[in-house]
Amino acid sequence: MKRFIIADDHAIIRYALKTILLSAFMNAHVEEVVDAEDLLRKVLQEEWDVVITDISMPGRSGLEILQQIRLTHPKLPVLVLSMYPEELYAVRVMKAGGSGYLRKDTAMQELVNAVNRVLLGKKYITPSIAEYLAHSIENDSSNVPHEDLSDREFEIAKLLASGMSLTDISEKLSLSITTISTYRIRIMKKPRPVDSSPPVGLADSF
């Protein structure tokens with residue numbers, strides 16, 4: 001019996017993912033958690049075959065939890081699902097030790113294919129991610145501004161670009177406003193190539 005755990009703060013997403021998994025894997029056991037802290041606690045307490053997690057959740061981000069899981073369970077497959085474009089997060093997820101990155105609007109069969117592949121101990125890379133990685137190799141990746149940011153800096157930059165206030169970001173990430181302001185200053189000081197444009201989803205300035 002396969003054991004899956006789903007981490008997402010939206011009930012309808014968890015329901016959809018659970019339905020897909022139960023229809024594809026007979027007698028599977030599927031549990032749900034709503035934030036990163038509960039996910040980490042469950043991973044430490046129980047055995048799982050695959051973790052499926054969102055990037056943006058209350059408290060710590062999915063990327064931070066992914067890194068924590070890698071420290072204690074280096075062979076546990078972690079699939080990351082997100083609403084954000086692959087060019088923003090896919091490479092970060094793979095570098096952090098993720099087994100694959102999928103958009104939430106992916107087809108049901110693609111999710112099942114991804115789970116089957118990571119169960120074999122392999123990575124799941126979509127054609128669009130493969131193309132993006134190839135493009136990054138052929139072209140100087142240092143010309144992509146957001147890749148110079150740390151994971152936390154990138155998370156805050158994304159929220160700032162979406163129009164969220166420092167107070168809102170502070171509440172969402174469970175960090176002080178002073179900490180968010182410090183990150184904002186760091187982000188603004190990062191060098192940006194003159195001829196480059198920000199990736200989809202990030203603004204030129206904050």
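Modeller: Here's a cut-off to start with: a residue counts as buried under 20% relative accessible area, as exposed over 50%, and as partly exposed in between. Keep in mind that this is a predicted model.

Colleague: Why is Lys104 called partly exposed?

Modeller: Its relative accessible area is 25%.

Colleague: What makes Asp8 and Lys104 a salt bridge?

Modeller: The cut-off is a Lys or Arg side-chain nitrogen within 4 Å of a carboxyl oxygen of Asp or Glu. For Asp8 and Lys104 the N to O distance is 2.8 Å, so the pair passes. Asp8 sits in the loop between E1 and helix H1, while Lys104 is in the loop between strand E5 and helix H5, so the bridge ties together parts 96 residues apart in sequence.

Colleague: Is Asp8 buried or exposed, and how do you know?

Modeller: Asp8 has a relative accessible area of 2%. The limit for buried is under 20%, so Asp8 is buried.

Colleague: What about Glu32 and Arg14: why is that pair called a salt bridge?

Modeller: Their closest N and O atoms are 3.0 Å apart, which is within 4 Å, so they qualify. Glu32 lies in strand E2 and Arg14 in helix H1, so this pair links parts that are 18 residues apart in sequence.

Colleague: And which class does each of those two fall into?

Modeller: Glu32, with a relative accessible area of 34%, is partly exposed. Arg14 comes in at 12%, so it counts as buried.

Colleague: What makes Arg3 and Glu46 a tie between separate parts of the chain?

Modeller: Their side chains meet in a salt bridge at 2.7 Å, N to O. Arg3 is in strand E1 and Glu46 in the loop between helix H2 and strand E3, so parts 43 residues apart in sequence are tied together. Glu46 itself has 23% relative accessibility, so it counts as partly exposed.

Key: Residues are numbered from 1 along each chain as its sequence is written. This is a predicted model: local features need pLDDT of at least 70, side-chain atom pairs count only at pLDDT 80 or more; totals for chains, interfaces and linings use all residues. Side-chain values use heavy atoms; hydrogens and water are left out. Helices (H or I, at least four residues) and strands (E, at least two) are DSSP runs, numbered from the N terminus. Buried means under 20% relative accessible area, exposed over 50%, partly exposed in between (1.4 Å probe, protein chains only).
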